[in-house]
Amino acid sequence: MSSELRTDDRSGDQLADRPGGRSRIGQTIVWVLVAVVGATAWGVLALVRHERISALWLLAAALGSYAIAYRFYARFIVRRVLGVDDTRATPAERLENDIDFQPTDRRVLFGHHFAAIAGAGPLVGPVLAAQMGYLPGTIWIVAGVIFAGAVQDMVTLFFSMRRDGKSLGQMAREEIGPVGGAAALLAVFTIMIILLAVLALVVVNALAASPWGTFSIAMTIPIALLMGFYLRVLRPGRVMETTVIGVALLLLAIVAGGWVQESSWASAFTLSAKALVICLVVYGFFASVLPVWMLLAPRDYLSTFMKIGTIGLLAIGMLFTLPVLHNEAITKFATNGKGPVFAGSLFPFVFITIACGALSGFHSLIASGTTPKMIEKESQIRLIGYGGMLAESFVAISAMIAASVLDQGLYYAINAPAGVVGATAQTAATAVTNLGFPITPNALTAAAAQVQEKTLIARTGGAPTLAVGMSEIFSSAFGDTLKAYFYHFAIMFEALFILTTVDAGTRVGRFMLQDTLGNVWKPMARVSWWPGVWSTSAVVVGAWGYFLWTGVTNPLGGINQLFPLFGIANQLLAAVALAVCTTLLIKHDKLKYAWVTAIPLAWDTLVTLTASWQKIFSADPGLGFFAQRDRFQTALDKGTVLKPAKNIADMHAVVTNSTVDGVLSALFAGLIVIVLLDAVRVCIKAARTRGGLPTAEAPYVESHIVAPAGLIPTAEERRVLAGTGAGSGSGTRGAHPS
Amino acid sequence: MTIGWAGTALRGIRWYLREATGESAYDSYVTHARREHPDAPVLPRRDFERVRQDARASQTRARCC
């Protein structure tokens, strides 16, 4: 009976399109309307200047474009380019083991996949990129996701699914070669370290000198331990009631943070950035060596619920209030490259700063590995891979809106490093007004008082900006009295899921390191041998802790210095993933469709190598790491202190940091060039061979699962499902033929 | 009519949350075990959840940025 649902190269949705000409005309009308709405919105965005526009136009342009891309481009890729085959059993069906290989309902898997890919990245990047105006970032978020990001996620998912869920590193080794594979693996590891450091830096900047935030976040640790104990010992498996208890305690912790701030405990929870770094490093180490059930798993439940809840709330808040954007469409920083938030001009730095939400290499680690082991039907990669990434892109658009509704003077006062705006409302107001965004010291003090923070000046990293923007949107929807709570709720949820990323990332980094060292000395790979576990955890924590420390102590501003490095790293990882995908398309004899991944690869390579080049070779000390090093070293040789450094020790710190960052940029670029050259070699060989080259694809096995392809089952799919006795559009196993 | 609709929606939400959080994993395991190996003993929930938690310990999934 499963054969009735067979979708060969071109049936699929045609089954749904077929019944009667009337529904076909109806569909055409709907899609023409969607196209008209999207095009009108883009027209407004493109034409209106020097006038404040409503966020509605950004939302309409994005949503209209997503719908068209999902309906037409994603379908083209799935059917023509990849040739998904629903008669073919997925690894989840063939290798089902109730642990990692498990056929999972497409809607549930969509939730899992989205929760894994969406984190702080799509929220932070657009906030920083707002310094170039809302338009460049918005265009890149929408066009980038449609032609690059969602394509990368879906195609990686497809190829990994056809290889029993192999990881990106394994695929690079098997399909490109040992050199490219080793370079890819090393790239993945170093990129992860930078990623963890930058994310942790965002948390530190959000919590420094904020007893409210620090108390709330500290409380998540005992709450998670309690949940872990409850699930392990008291009521095993009752995840939902545990999560309800956890979320209730979490909300209590947010409210209690306000009380603590007013009480005598406040000083105990007022920590400097340096003290927070030490706390995070110690915490990260223990989170990585403790059993998963104790801390990591319950935190993951909490952060997922908070994440989905807050993102949903933000979307609803935006739709209700339709705020007006105060940001300019394109600011002068887009062309002169002198923006205070991060240096460099629109090309290439908008495309570096906004990674998650448009194109994020990190997703390829999730699209290969876990998700492909749970897919029921091949055609579902469109919903999960492409659709999941569209959802994340929408989160990025929301963040862009939240940053753009703020008064721009306030935006720059929050986001420029302390070296630029100083420490008081007076210095910040003067500095920001001089940048061309007039604001009074009183306005800055009032904004901080409204959210009950001591100061908002130089709270870089994106989280405080987003929290202020969100509290602005929420309070205009639900009233002003709760503004401080909304702010701290937003800070809490960002910090919570960043810390979950740090926990999980440290652990994954530790596994990678153990695995690699295990090739040299066997016992290191054993997950139960504690000297191995402890030493590799310490190495991983120490590595990101080092960059976090330099970020906090850097007089030039940690985010300003490290975020571009993080963006470059993430986009270079995307280049690895797209190179693997392109190589595989050509090896599978699909040269004529290779442009689908080759064009985004070419663009991504151009952007990242240009950015790397500028970061390494630019003579402008504000942009190039080595030019910066030379400038400070020269001054140091003469014994002078250059602003914003305050003393000789600061000068030494700048020199060391610039050197390390410059060397890392060069290392990343070098690794990626190696991977690309190796991939080109294989591609040329494959293109010259008639019929492509053999790959590590798992052989065909017939599928007996019946399940719909898209989110909503088509009429035909419903009929077939009803025939098998499954309800509610869920999948089911067909009768075994034996 | 409206009540029926609301009931379906609530059941749908409950089903989704149980599936997404893994709360329903034990029930699926019992159904699966009864169907495929009718004579073999079925693990009690406490043991099943423990095995499942420990098996997942080495499967930590990276979270994106």
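This is a predicted model: local features need pLDDT of at least 70, side-chain atom pairs count only at pLDDT 80 or more; totals for chains, interfaces and linings use all residues.
Biologist: What covers the buried residues of helix 15 of chain A?

Modeller: Residues are numbered from 1 along each chain as its sequence is written, chains are lettered from A and ligands numbered from 1 in the order in which they are written, and side-chain values use heavy atoms, leaving out hydrogens and water. Now your helix: the cover includes helix 6 (121-129), helix 7 (134-161), helix 25 (558-587) and helix 26 (595-617) of chain A. Helices here are DSSP runs (H or I, at least four residues; strands are E, at least two), numbered from the N terminus.

Biologist: How many residues of helix 15 are buried?

Modeller: Buried means under 20% relative accessible area (exposed is over 50%, partly exposed in between; 1.4 Å probe, protein chains only). In helix 15 (residues 346-353) of chain A that holds for six of the eight residues, so the helix is largely enclosed by the rest of the structure. The six are A:P348, A:F349, A:V350, A:F351, A:I352 and A:T353.

Biologist: And which residues of helix 18 of chain A are buried?

Modeller: A:Q408, A:G409, A:L410, A:Y411, A:Y412, A:A413, A:I414 and A:N415. That makes eight of eight for residues 408-415, so helix 18 too is largely enclosed by the rest of the structure.

Biologist: Where is A:D105 found?

Modeller: In the loop between helix 4 (91-94) and helix 5 (106-117) of chain A. A:D105 is buried, at 5% relative accessible area, and its side chain reaches the backbone nitrogen of A:R107 at 2.8 Å.

Biologist: What is A:T243 in contact with, leaving aside neighbours within four places in sequence?

Modeller: Contact means heavy atoms within 4.5 Å. For A:T243 the partners are A:M227, A:Y301 and A:F305. A:T243 belongs to helix 11 (residues 239-262) and is buried, with a relative accessible area of 4%.

Biologist: Zooming out, how many helices and strands does chain A have?

Modeller: 29 helices and two strands. Its radius of gyration is 26 Å, close to the 27 Å from the globule rule for 738 residues, so chain A is as compact as a globular protein of that length; the radius is taken over C-alpha atoms, and the rule is 2.2 Å times the number of residues to the power 0.38. The C-alpha trace spans about 80 × 60 × 60 Å along its principal axes, and 61% of the residues of chain A count as buried.

Biologist: How many residues of chain B are in contact with chain A?

Modeller: 27 of chain B, against 53 residues of chain A. The two chains bury about 3400 Å² between them, 57% of it on carbon and sulfur atoms.

Biologist: Which side chains meet in a salt bridge?

Modeller: Look for a side-chain nitrogen of Lys or Arg within 4 Å of a carboxyl oxygen of Asp or Glu. Across this interface the rule finds one: A:R232 with B:D54, at 3.1 Å, N to O. Helix 1 (2-21), helix 2 (25-36) and helix 3 (45-57) of chain B each supply at least two residues of the side that touches chain A. The largest share, nine residues, comes from helix 3 of chain B.

How values were computed: Buried area is the accessible area (1.4 Å probe) that two parts lose on being put together, summed over both. A polar contact is a pair of N or O atoms within 3.5 Å; within protein, one must be able to donate a hydrogen and the other to accept it, and residues adjacent in sequence count only if both atoms are side-chain atoms.
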